[in-house]
Amino acid sequence: MPSSVKMRFYGPFCAFRTLLIYCPVSFSKLLAVAHKLGLPAPEREYRFDAERRWRFDFAWPALKIAVEIEGGVWIRGRHVRPVGYLGDLEKYNRAVVLGWRVLRYAPHQLGQLELDLHALLDAGE
């Protein structure tokens, strides 16, 4: 983890979206699930829209599948405040228009990731 990133944890959850890229629990869980399903490691902070600077936390661009981990749920973080929430709506709607399938989780919900990814992969065949 870069030394410029300050670690702040609230219980077992990473507090800020930028930290989630470095949160070993989230990324190691994603890698384990990807490996189990025969997927390559996801790209981190993948920029999906050429017109905007939006990025997905994790993405498989060839499959157009993205995973977003929404931080700050319990501490009134950016994703649950009005401006952040409205911005997320715009981002996710644009992603769908561009053909992306986006899975959204709070960090404690990552246990559902394997089932959801498996269902998306089965639906795409």
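Core first. I'm working from a predicted model, and its largest nonpolar core has 17 residues. Trp-60, Val-67, Leu-103, Leu-113 and Leu-117 have the most contacts inside that core.

Next I clicked on Trp-60. What does Trp-60 touch once neighbours within four places in sequence are left aside? I get Leu-30, Ala-34, Leu-39, Pro-40, Ala-41, Pro-42, Ile-65, Val-67, Trp-100 and Leu-117. There is also a second, separate core of seven residues, with Phe-48, Trp-54, Phe-56 and Ala-59 among them.

On to charges. I count six salt bridges, and I went through three of them.

Entry one: Glu-114 and Lys-36 pair through their side chains at 3.1 Å, N to O. Glu-114 sits in helix α4 and Lys-36 in helix α2, so this bridge ties together parts 78 residues apart in sequence. I have Glu-114 down as partly exposed because its relative accessibility is 24%. Lys-36, at 59%, counts as exposed.

Entry two: Asp-49 and Arg-94 form a salt bridge at 2.9 Å, N to O. Asp-49 is in the loop between β3 (43-47) and β4 while Arg-94 is in helix α3, so the pair ties together parts 45 residues apart in sequence. Is Asp-49 buried or exposed? Buried, because its relative accessible area is 3% and the cut-off for buried is under 20%. Arg-94 comes out partly exposed at 27%.

Glu-90 lies in helix α3 and Arg-52 in the loop between β3 and β4, so parts 38 residues apart in sequence are tied together here. Both ends count as partly exposed, Glu-90 at 42% and Arg-52 at 36%. I also noted a network: Asp-49, Glu-51 and Arg-94 are joined by salt bridges that share partners.

Last stop, the surface. Tyr-85, Leu-86 and Leu-89 make a nonpolar patch of about 300 Å². I looked up Leu-86 in particular, and found it in helix α3 (residues 82-97). Leu-86 goes down as exposed because its relative accessibility is 56% and the cut-off for exposed is over 50%.

Note on methods
Residues numbered from 1 in each chain as written. Predicted model: local features only at pLDDT ≥ 70, side-chain atom pairs only at ≥ 80, totals over all residues. Heavy atoms only, no water. Patch = residues over 30% accessible without salt bridge, like charges linked within 9 Å, V, L, I, M, F, W, Y side chains within 5 Å. Areas by Shrake-Rupley, 256 points an atom, 1.4 Å probe, with all protein chains shown as cover. Salt bridge = Lys/Arg side-chain N within 4 Å of Asp/Glu carboxyl O. Helix = DSSP H or I, 4+ residues; strand = E, 2+ residues; numbered from the N terminus. Buried < 20%, exposed > 50% of the residue type's maximum accessible area, 1.4 Å probe, protein only. Core = buried A, V, L, I, M, F, W, Y, C linked by side-chain atoms within 4.5 Å. Contact = heavy atoms within 4.5 Å.
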